[in-house]
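Welcome! Please take a moment to look over the chain before reading on.

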Amino acid sequence: MVALTTLPTTTAATATGSLKTTAVAKTSRLSVPVLGGTNQQRAAVERAIALYTRRKLMLPGLTVQIHSDEVKCDGHGGIFRYSGSDMHIDLCSDVPYVIVHELGHAWSHANMTDTDRRSYTRTRGLPTWNDWSFEWKERAAEDAAFVLQQNLMATTSVRATARWDDLISAYEALTRQHSPVRVS
Ligand SMILES: [Zn+2]
């Protein structure tokens, strides 16, 4: 799930003890603070991030906040929110693919131009990049996050099927790199 929204702010105590509200720090280097959750949950997020960095798919600076219920994710497993260059993922599920999918939204947001998005949408035969008046499966932004997650989490023993041919070619159109599961 991806949403244009107002990002949350962090509240920090100043030296004098008064409270000051500051925006989540922006950064151009890879920096993904993971807030909340257990050590195990934070380690799972780190593993998901490594799936991208291992393939040289550069993630933007963003924050991941782990929640113990789905309230902050609007009833979804996770949600990627952005406001300008500030990016944030709320994570409300321990299912491993959810964070990989949400990171896919962050990657697409940071790395694709409008021309790239139009081109990918056309290539996939979809009606829109991210117009919410269309269903989830018709939005190319969701397709792109799904394609990234499927390829990055797949094992190398993926069988040659029409479905995988499609997922692999979509990944390669998106990233301009060979899919990790391409065998030839
Ligand atoms: Zn999504």
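## About the model

This is a predicted model, in which local features need pLDDT of at least 70 and side-chain atom pairs count only at pLDDT 80 or more, while totals for chains, interfaces and linings use all residues. Residues are numbered from 1 along each chain as its sequence is written.

The pLDDT is the predictor's confidence in each residue, from 0 to 100. The protein chain has an average pLDDT of 85, and 84% of the residues score at least 70. Over residues 6-29, however, the pLDDT is below 50; beyond near neighbours in sequence, this stretch has 29 contacts in the model. Two residues are in contact if their C-beta atoms, placed from the backbone, lie within 7 Å.

## The overall layout

The protein chain has 5 helices and 7 strands, and along the sequence they follow the pattern β-β-β-β-α-β-β-β-α-α-α-α. Here helices (H or I, at least four residues) and strands (E, at least two) are DSSP runs, numbered from the N terminus.

Of the 184 residues of the protein chain, 33% count as buried. A residue is buried if 20 or more other C-beta atoms lie within 10 Å of its own, exposed if 12 or fewer, and partly exposed in between, with C-beta atoms placed from the backbone. Among contacts with a separation of 6 or more, 57% come from residues 24 or more positions apart.

## The nonpolar core

In soluble globular proteins, nonpolar side chains tend to be buried together. A nonpolar core is a set of buried Ala, Val, Leu, Ile, Met, Phe, Trp, Tyr and Cys residues joined through C-beta atoms within 7 Å. The largest nonpolar core in this model has 40 residues, and Ala 48, Ile 99, Leu 103, Ala 144 and Leu 148 touch the most other members. At least two residues of this core come from each of α1 (39-54), β5 (63-66), β6 (78-83), β7 (86-91), α2 (96-111), α4 (140-153) and α5 (162-175). Domain 1 (1-95) and domain 2 (112-177) both give residues to this core, so it lies between them; the domain bounds come from an automatic or database domain assignment.

Leaving aside neighbours within four places in sequence, Ala 48 is in contact with Ile 99, Val 100 and Leu 103.

## Helix α4

Which helix gives the largest share of this core? It is α4, with 7 residues. Helix α4 is mostly covered, with 12 of its 14 residues buried; among them are Ala 144, Val 147 and Leu 148, along with Glu 142 and Asp 143.

## A strand hairpin

Strand β6 has 5 of its 6 residues buried, so it is largely enclosed by the rest of the structure. β6 and β7 pair in the antiparallel sense over 6 bridges, where pairing means that DSSP finds at least two bridges between two strands. Ser 83 stands opposite Asp 86 in β7. The two strands form a hairpin with 2 residues between them, and Gly 84 in the turn has a positive phi of about 65°.

## Two loop residues to look for

Most residues other than glycine have a negative phi, and most peptide bonds are trans. Lys 56, in the loop between α1 and β5, has a positive phi near 60°. Lys 56 counts as exposed because it has 8 C-beta neighbours inside 10 Å.

Asp 74, in the loop between β5 and β6, has a positive phi near 55°. With 11 other C-beta atoms within 10 Å, Asp 74 is exposed.
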